[in-house]
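Here are some exercises to work through with the model open beside you. Try each task yourself before you read its solution.

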Amino acid sequence: MVVNRFWQQLFGLGLLKQSVGGPSVYPYQPADLYKGIVVAAGYPGTKYVESTGDGLYRRSLYTFWKRTVPHPTLNVLDAPDREVCIVRRSTTNTPLQALTLLNDPIFVEAARKLAERVMTEGGKSPDARLTLAFRLATGHSPNERELNILRDALGKMLAAFQKDDAGARRLIQVGAAKSDSSIPAAELAAWTAVANIILNMDETITKG
Amino acid sequence: MECCNFSRVTSRRDLLARAGYGLGAAALHALLGGAKAHAEPTDARVTFPNFTPKAKRVIFLFQAGGPSHLDLLDYKPQMKDRFNQDIPASVFGTQRITGMVAQQDRFPVVPTMWGFRQYGESGQWLSELLPHTGRAADEICVLRGMYTEAINHDPAITFIQTGSQLPGRPSMGSWIDYGLGSENENLPAFVVLNSLPSNGQPDQGLLSRLWGAGFLPGRYQGVQFRGGGDPVLHLSNPPGITREMRRSQLDALGALNRELHDRAGDPEIETRIAQYEMAFRMQTSVPELANTSQEPDHIYELYGDDARKPGTFAANCLLARRLAERGVRFIQLYHRGWDHHGGLTDKLPVLARDTDRASAGLIVDLKQRGLLDDTLVIWGGEFGRTPYAQGAVKPDSYGRDHHGRVFSLWMAGGGVKRGYSHGQSDDYGFNVAEGGVHIHDLQATVLHLLGIDHTKLTYLFQGRQFRLVVGVLYSFKYATYSHLPKLKWPYARGSEDELEANNDVAAAGSSDDAGRSTEFPRCRLRTVC
């Protein structure tokens with residue numbers, strides 16, 4: 001599951017809670033998802049109360065499974081519905097996956113955390129940081145052309161966010177994990193947007 | 001990389017898979033790759049439609065909970081004089097009753113408290129609760145001999161949606177998307193819209209697996225459009241990311257993915273690039289679709305005032321028309337709250353009001369746009385309701401239990417006969433008298449109208465070919481013989497010998513009334529395949 005790979009491989013001990021077992025957790029889920037589908041009140045499990053703290057950052061194995069409305073991120077990424085045995089999970093490639101991987105708060109937050117990490121661990125030069133981010137996601141360094149693409153994208157994002165500080169602040173506030181206040185908002189936002197690109201590369205999603 | 005240049009053309013897996021169909025087919029597949037790439041039947045030798053379709057798309061106005069056929073669509077004047085009499089044993093037969101009435105010591109007839117009248121030139125008999133549907137009476141075809149095998153909601157809804165009472169099969173919309181693909185590059189081919197009854201009593205939950213893809217690839221699952229917030233989940237960019245910025249992000253992402261594609265040659269990478277671009281287009285096409293503010297007043301007039309309130313059945317009907325206009329293949333609405341065990345007499349008018357005007361308005365609207373000819377509209381639930389009362393019985397206050405042995409629904413457009421009715425129930429609206437239509441017949445009919453041979457739309461899963469319509473011969477047979485007073489039901493089937501005999505009859509037959517071949521494998525009844 002791509003969600004797990006993101007948390008586990010990219011961020012290691014950062015956000016992901018590494019312990020085994022425990023009760024189900026309730027990661028981010030769009031509001032009102034149960035409305036119009038689940039019978040209101042009276043029955044247990046009719047309300048989705050989002051977890052706090054570590055509960056937001058566990059492997060999806062621990063995500064609460066509601067059969068009437070499974071978690072949409074798992075659903076859209078081909079999680080079997082658990083009604084019949086599945087020998088091999090189908091793999092699909094859909095626009096809804098694109099929307100989820102680009103816009104779902106859990107992935108936007110993951111992008112910000114990746115950005116913070118490469119900005120603290122990746123040295124001073126943008127190239128070194130981009131190389132680290134790319135390597136963390138794919139397991140190898142970018143070639144010259146790939147680095148050029150990323151450098152170019154970073155420049156554009158930085159220019160855009162420097163003109164829109166409020167927008168930058170809104171982006172880096174996505175997710176419950178606090179953002180690193182020592183990094184200027186426009187810079188962190190630009191790096192978050194670039195990390196968002198890296199985490200959406202085909203190579204990251206399917207070959208990681 | 002130089003050692004394996006062939007992989008730039010097609011992946012090893014693809015090559016092996018397609019080798020069986022010959023390289024010509026592989027080349028053809030590549031040539032047709034564009035708009036049709038969405039549809040990819042397991043067996044590349046079968047293409048859909050199999051014959052000229054009458055309908056290009058379906059709007060299924062599903063009424064969850066089991067609307068009472070006796071109070072809406074099936075006029076039974078014979079019941080008037082039989083108020084509070086017991087249903088004769090000869091009629092009751094082997095009725096399987098639900099736990100909810102199992103404790104009742106008698107099953108008294110309760111006729112409808114509403115009047116019925118004839119509408120339109122066709123003289124279609126409909127309840128006074130459906131005056132607007134009455135205005136469209138000459139467009140609809142009422143099926144009064146529908147029957148199902150299930151007696152409770154979940155198995156019955158699962159049955160009508162997936163062809164099996166057991167969960168795990170793909171929804172009808174998924175099958176059709178899988179077979180026919182999309183006609184609009186900017187919207188999903190299978191869209192789902194839910195609404196709650198205006199009395200706030202939905203009775204049961206729905207399950208998102210009802211529009212799930214089952215064992216088909218996940219791309220075929222229905223996409224739920226929502227009344228509030230993002231119409232599609234995660235449609236909006238994260239806060240702070242503008243559309244221009246997203247464009248630059250996707251340009252960079254596309255360039256990186258193409259870089260990988262040049263290196264690795266996996267065709268799935270091209271698909272991914274295309275899907276990200278479709279996601280980008282959906283960010284404008286979906287809000288444009290969902291924004292009905294430009295619709296003129298006379299259109300709202302057709303659907304009723306509710307159509308101005310997002311999330312209502314009427315608003316969803318209007319959206320359904322807009323989806324149909326844009327070529328969406330299967331549009332599935334669910335309106336809940338039809339499960340009237342008690343207080344039917346109070347609740348039914350509310351539900352009828354919720355749906356009557358908008359359903360009829362949809363037909364009129366589709367027709368004036370020339371869309372009704374190739375759009376199949378279906379209105380109905382998973383089963384009907386009992387002619388006997390559940391609980392206390394008074395002429396103007398009663399409830400009815402679930403009833404699957406006969407019920408009614410209507411269809412319109414898409415090659416269906418106009419101002420027509422098919423099938424009849426008996427004097428009590430209890431059993432099929434003639435023209436029985438099993439759920440599988442309905443599904444086979446829908447596929448037929450779309451130009452699909454229901455036996456050819458299959459998917460290989462767990463080592464065998466699955467299909468939507470499971471035992472259609474079985475139902476044809478019962479449909480054919482359903483004028484017999486006693487229907488044979490799977491659960492009242494008796495001995496294995498009888499089952500064998502039935503199978504032999506089935507296997508021996510060469511064609512049914514409609515001239516369709518009935519030579520099916522004998523395993524049909526036991527290994528639902």
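Two strands pair if DSSP finds at least two bridges between them. Helices (H or I, at least four residues) and strands (E, at least two) are DSSP runs, numbered from the N terminus. The model is predicted, so local features need pLDDT of at least 70 and side-chain atom pairs count only at pLDDT 80 or more, while totals for chains, interfaces and linings use all residues. Residues are numbered from 1 along each chain as its sequence is written, chains are lettered from A in the order in which they are written, and side-chain values use heavy atoms, leaving out hydrogens and water.

**Exercise 1.** Find the strands that pair with β8(B).

Step 1: Strand β1 (residues 57-64) of chain B runs parallel to β8(B), with 6 bridges. Here R57(B) lies opposite T375(B).

Step 2: Strand β11 (residues 407-412) of chain B is antiparallel to β8(B), with 3 bridges. Here I378(B) faces M411(B).

**Exercise 2.** Decide how well β8(B) is covered.

Step 1: Buried means under 20% relative accessible area, exposed over 50%, partly exposed in between (1.4 Å probe, protein chains only).

Step 2: In strand β8 (residues 375-380) of chain B, 6 of 6 residues are buried.

Step 3: One side holds T375(B), V377(B) and W379(B), and the other L376(B), I378(B) and G380(B).

**Exercise 3.** Describe the surroundings of R272(B).

Step 1: Locate R272(B) in helix α10 (residues 267-290) of chain B.

Step 2: R272(B) counts as buried because its relative accessibility is 5%.

Step 3: Beyond its neighbours within four places in sequence, R272(B) has contacts (heavy atoms within 4.5 Å) that include N93(A), Q97(A) and D202(A).
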